Amino acid sequence: MNTGEIIAKLRNKNKISQSALANDLHIGQSTLAMYEKNKRKPNLEMLSAIADYFNVTTDYLLGRPEKKKEKQNVELTDDDIIMTYQGKELSDEDREIIKRLMNGK
């Protein structure tokens, strides 16, 4: 599904006319119709406004699947903490902060 189809689907699902949505977004009805027909693409500012209006993400409007968040891995050793986040090892400073938090300091 493309961006225009997604916008039209959201508008119809929420029972909002093209003219009402265009008015709320401060654009012309013909502009919105062109978005929905994929004859024009909304710029980033408009894409964000549409996402906010329907309480969805811009990724959703772009038809992008949601990526699963990677889990944080913590490995404790005798005297140190090796910590990675999204597969990357944290800096010494970040590990010190974690150590202090774990020790309640």
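A salt bridge is taken here as a side-chain nitrogen of Lys or Arg within 4 Å of a carboxyl oxygen of Asp or Glu. The model is predicted, so that local features need pLDDT of at least 70 and side-chain atom pairs count only at pLDDT 80 or more, while totals for chains, interfaces and linings use all residues. Residues are numbered from 1 along each chain as its sequence is written, and side-chain values use heavy atoms, with hydrogens and water left out.

**Exercise 1.** Find how many salt bridges the rule gives, and state for the residues of each whether they are buried or exposed.

*Solution.* The count comes to two salt bridges. In one, the side chains of Arg 11 and Glu 36 meet with N to O at 2.6 Å. This pair links distant parts of the chain, 25 residues apart, with Arg 11 in helix α1 (residues 3–13) and Glu 36 in helix α3 (residues 29–36); helices are DSSP runs of H or I with at least four residues, numbered from the N terminus. Arg 11 has a relative accessible area of 9% and Glu 36 one of 12%, so both are buried (under 20%; exposed is over 50%, partly exposed in between, with a 1.4 Å probe and protein chains only). In the other, Asp 59 pairs with Arg 64, their closest N and O atoms being 3.3 Å apart. Asp 59, at 33%, is partly exposed, as is Arg 64 at 44%.

**Exercise 2.** Describe how α1 and α3 pack.

*Solution.* Their axes lie 7 Å apart at an angle of about 120 degrees (lines fitted to C-alpha atoms over the stretch in contact, with angles from 0 to 180 degrees between N-to-C directions). The contact (heavy atoms within 4.5 Å) includes Arg 11 of α1 and Glu 36 of α3.

Note on methods: Helix = DSSP H or I, 4+ residues; strand = E, 2+ residues; numbered from the N terminus.
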